Amino acid sequence: MEKFFKDALKVSIASLVISITLYIVIIAFFLLSVVTANIFGTVIKIIVPILILVTILGFIYSFFIKGKQKIPFLTLHFVSLCALSFGIYLAVSFQGFAP
């Protein structure tokens, strides 16, 4: 485990894979939320904090990547953080519109 965290590229790749997987889980539960709305709310409350931490960890580790791979990983993690922030903004903004 110690060797894993010393290699910034491996941590950044793992973080990106976990982030994409969690986004897919959120989308899948959203599509199934017609039947199970309570489960979707519970899953969001569990997955979003994990997603935030994993994305921030990957973003920080992306700064320590050497070579030409640094820019794409920084960009992908930044886009993920922006998408997550925008989703949270929309959730808070439209909270009063739901019945």
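What follows is a short chat about a predicted model.

Reader: What should I know about the model before I start?
Author: Residues are numbered from 1 along each chain as its sequence is written, and side-chain values use heavy atoms, with hydrogens and water left out. As the model is predicted, local features need pLDDT of at least 70 and side-chain atom pairs count only at pLDDT 80 or more, while totals for chains, interfaces and linings use all residues.

Reader: OK. Where is Ser 19 found?
Author: Ser 19 sits in helix H2, residues 8–31. Helices here are DSSP runs of H or I with at least four residues, numbered from the N terminus.

Reader: Is Ser 19 buried or exposed?
Author: Ser 19 counts as buried because its relative accessibility is 2%. Buried means under 20% relative accessible area, exposed over 50%, and partly exposed in between, with a 1.4 Å probe and protein chains only.

Reader: What does Ser 19 touch?
Author: Leaving out residues up to four places away in sequence, Ser 19 touches Leu 51, Val 54, Thr 55 and Ser 80. A contact means heavy atoms within 4.5 Å. Ser 19 and Leu 51 are 32 residues apart along the chain, and 6.1 Å separates their C-alpha atoms.

Reader: Which other residues in H2 are buried?
Author: Besides Ser 19, the buried residues of H2 are Ala 8, Val 11, Ser 12, Ser 15, Leu 16, Leu 22 and Ile 26. Their cover includes helix H1 (2–6), H3 and H4.

Reader: How many residues does H2 have, and what does it reach?
Author: H2 has 24 residues and reaches 35 Å from its first C-alpha to its last, close to the 34 Å expected at 1.5 Å a residue. The expected span is 1.5 Å times one less than the number of residues.

Reader: New topic. What volume does the largest pocket have?
Author: The largest pocket has a volume of about 670 Å³. Of the 16 residues that line this pocket, Ile 44, Val 48, Gly 87, Ile 88 and Ala 91 are the closest to its centre. A pocket is an open set of points on a 1 Å grid over the protein atoms alone, where a 1.4 Å probe fits, with protein on both sides within 12 Å along at least five of seven lines; lining residues have an atom within 4 Å of a point.

Reader: Which element gives the most to that lining?
Author: H4 gives the most to the lining of the largest pocket, with six residues. By class, that lining has 12 nonpolar, three polar and one charged residues.

Reader: And how many aromatic pairs are there?
Author: A search of the whole structure finds three aromatic pairs. In one of them, Phe 59 and Phe 78 have ring centres 6.4 Å apart and planes at 35°, so the pair is tilted. Rings of Phe, Tyr and Trp (its six-membered ring) pair if their centres lie within 6.5 Å; planes under 30 degrees apart count as stacked, over 60 as edge-to-face and the rest as tilted.

Reader: Where do those two sit?
Author: Phe 59 is in helix H3 and Phe 78 in helix H4, 19 residues apart, and the pair links distant parts of the chain. Phe 59, Phe 63 and Phe 78 form one aromatic cluster.

How values were computed: Points joined across faces, edges and corners; volume = space filled by probe spheres on them. Nonpolar A, V, L, I, M, F, W, Y, C, P; charged D, E, K, R; others polar.
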